[in-house]
Amino acid sequence: MSNYNMIKSIQNELSNLAARLGPAPLRPRPADEAQDIYAEIRFARNRRALALAAVCYWCGFHPTDALEHEASWS
């Protein structure tokens, strides 16, 4: 999947998360928790876009930033 398509998928999952959970937290979790959030969802559910969207939601990452960090988390 191209980065453009993945960013669109992340944005879609992020919208779904916000619809279920409400607005993103005003105080994002520390960036060092992003890997744990990603791993828990990615490997338990095998849903890459949802895992990246969760990182964006909880840690305040932009989808592009989440994609850049993903390589070091896998």
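Q: How much accessible surface does the protein chain have, and what share belongs to carbon and sulfur atoms?
A: About 4,700 Å², and 49% of that belongs to carbon and sulfur atoms. Areas come from the Shrake-Rupley method with a 1.4 Å probe. This is a predicted model, where local features need pLDDT of at least 70, side-chain atom pairs count only at pLDDT 80 or more, and totals for chains, interfaces and linings use all residues. Residues are numbered from 1 along each chain as its sequence is written, and side-chain values use heavy atoms, with hydrogens and water left out.

Q: What share of the residues is buried?
A: Of the 74 residues, 35% count as buried (under 20% relative accessible area; exposed is over 50%, partly exposed in between, with a 1.4 Å probe and protein chains only).

Q: New topic: how many helices and strands are there?
A: Four helices and zero strands. Both are DSSP runs numbered from the N terminus: helices are H or I with at least four residues, strands are E with at least two.

Q: Which residues of H4 are buried?
A: In H4, residues 63-73, they're Pro63, Ala66, Leu67, Glu70 and Trp73.

Q: Why are they on the same side of H4?
A: Because they cover an arc of only 115° around the axis, going by directions from the helix axis to the C-beta atoms.

Q: And what do they pack against?
A: Helix H1 (3-21), helix H2 (34-45) and helix H3 (48-59).

Q: Which exposed residues sit on the face turned away?
A: Glu68, Ala71 and Ser72.

Q: What does the C-alpha trace span?
A: About 30 × 25 × 20 Å along the principal axes.

Key
Contact = heavy atoms within 4.5 Å.
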